[in-house]
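The sequence and structure come before the details.

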Amino acid sequence: MNQTALTVHQTARPHGFPTAAHFAFVESALPGPEVGSALVENLYWSVDPYHREMMDEVPGGFALGAPLEGRAIGRVVASRTPLLTEGEIVFHRRGWRTHVVVAPEEIRRLPRFDGVPLTAYLSILGGTGLTAYVGLTRIARLHEGEDLFVSAAAGGVGTATARFARLLGAGRLVGSTGSVAKAAYLRDQVGFDAVFDHHEGTAADLLRKAAPDGIDVYVDNVGGGQLAAAVGVLREFGRVVRVGTISQYNTPGTARSDINHADLVEKSIRMEGFLVRNHLDVQEELYEFAVPHLRSGRLVPDETVIDGFENIVEAFLGMLRGRNTGKTIVQDRTQHG
């Protein structure tokens with residue numbers, strides 16, 4: 001075990017896209033657990049789009065000059081509490097650091113399913129997958145045969161949404177993404193019926209072409225023009241599931257696209273946003289639904305795994321620029337292979 005710890009701090013508030021200059025790696029002596037706590041050496045870290053929003057001066061956002069928070073999986077390496085055993089693998093939300101001292105109430109033990117890799121607990125079985133599953137089952141209340149449009153479809157939530165929707169019996173799947181290569185991946189590997197590159201025209205024109213007969217559900221990860229376009233093609237009693245607004249995270253002051261509010265009324269459209277932290281009671285249901293399909297190979301996690309904690313900032317910035325496919329995860333080099 002290393003005798004020093006590395007932690008990532010945010011050093012300034014970004015305006016637009018953040019850069020490496022907004023972060024600093026801080027080295028310190030390895031922390032020692034006090035009575036009632038344990039030292040965890042982190043093995044896997046999650047970087048997520050919402051981290052960008054937390055970089056701004058918002059309620060509950062990241063503090064400057066302090067360790068950043070995030071989902072992580074680690075191994076207990078020293079314990080001074082009978083409630084945590086050395087060698088245990090645990091999940092916690094104090095990531096962006098190589099080591100952390102935790103109390104028992106700050107961790108969650110992960111069930112170990114044969115054939116399921118640990119990275120799945122940060123992707124398809126973690127907050128990313130739970131967001132997709134809750135969006136489909138609790139917010140959209142998806143019915144078999146219904147047609148979906150998913151924006152940012154090549155991201156973690158986007159790919160999980162599509163794979164779950166297929167398992168739940170969805171009809172036609174339409175997605176948007178940011179490159180021709182990603183569009184091909186989504187069609188060939190994930191199972192979308194139609195995918196468009198949002199750079200190739202207006203969202204309204206591209207979506208009408210991809211979904212000429214309309215859609216029943218829109219899972220919205222971006223907001224902006226794609227949200228307005230989706231409202232235009234939603235059928236009667238259509239639903240909009242608001243997950244995120246990544247189109248606006250890095251473009252402060254950008255003009256918002258106008259939604260046709262008459263459509264909301266005339267087509268009886270329901271639009272609802274949610275925070276996955278308010279649906280943690282669904283976690284066990286997600287395991288029951290997804291694990292059998294993971295074991296059978298019918299469900300495949302979409303992950304971009306980056307080696308080395310020293311690359312966590314680069315992984316985060318690359319994710320914001322759309323350089324990932326599926327969920328972005330950083331792993332300790334000792335986990336490689």
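S123, I124, T128, G156, T159, A160, P301, D302 and K327 line the largest cavity of this predicted model. A cavity here is a set of points, on a 1 Å grid over the protein atoms alone, where a 1.4 Å probe fits but cannot get out, and lining residues have an atom within 4 Å of a point. The model is predicted, so local features need pLDDT of at least 70 and side-chain atom pairs count only at pLDDT 80 or more, while totals for chains, interfaces and linings use all residues. Residues are numbered from 1 along each chain as its sequence is written, and side-chain values use heavy atoms, with hydrogens and water left out.

The count is one cavity of 30 Å³ or more, and the largest cavity has a volume of about 40 Å³, taken as the space filled by probe spheres set on the grid points, which are joined across faces, edges and corners. Helix α3 (residues 156-167) gives the largest share of the lining, three residues; helices are DSSP runs of H or I with at least four residues, strands are runs of E with at least two, and both are numbered from the N terminus. By residue type, the lining holds three nonpolar, four polar and two charged residues. Here Asp, Glu, Lys and Arg are charged, Ala, Val, Leu, Ile, Met, Phe, Trp, Tyr, Cys and Pro are nonpolar, and the others, Gly among them, are polar.

The model has 16 salt bridges, each a side-chain nitrogen of Lys or Arg within 4 Å of a carboxyl oxygen of Asp or Glu. Among them are these:

| Pair | N to O distance |
|---|---|
| E69 and R97 | 3.1 Å |
| D302 and R163 | 2.5 Å |
| R208 and D205 | 2.6 Å |

D302, one of the cavity-lining residues, lies in the loop between α9 (283-296) and β14 (303-307), and R163 lies in helix α3, so their bridge ties together parts 139 residues apart in sequence. Both D302 and R163 are buried, where buried means under 20% relative accessible area, exposed over 50%, and partly exposed in between (1.4 Å probe, protein chains only).

The bridge of E69 with R97 also links distant parts of the chain, 28 residues apart. E69 sits in the loop between α1 (50-54) and β4 (72-79), and R97 in the loop between β5 (89-92) and β6 (99-102). E69 is partly exposed at 32%, whereas R97 is buried at 7%.

R208 and D205 are three residues apart in helix α5 (residues 203-210), a separation of about one helical turn. R208 is partly exposed at 46%, and D205 is partly exposed at 45%. Elsewhere, salt bridges that share partners join D48, R71 and K327 into one network.

Key. On a 1 Å grid over the protein atoms alone, a cavity is a set of points where a 1.4 Å probe fits but cannot get out, and a pocket is an open set with protein on both sides within 12 Å along at least five of seven lines; lining residues have an atom within 4 Å of a point.
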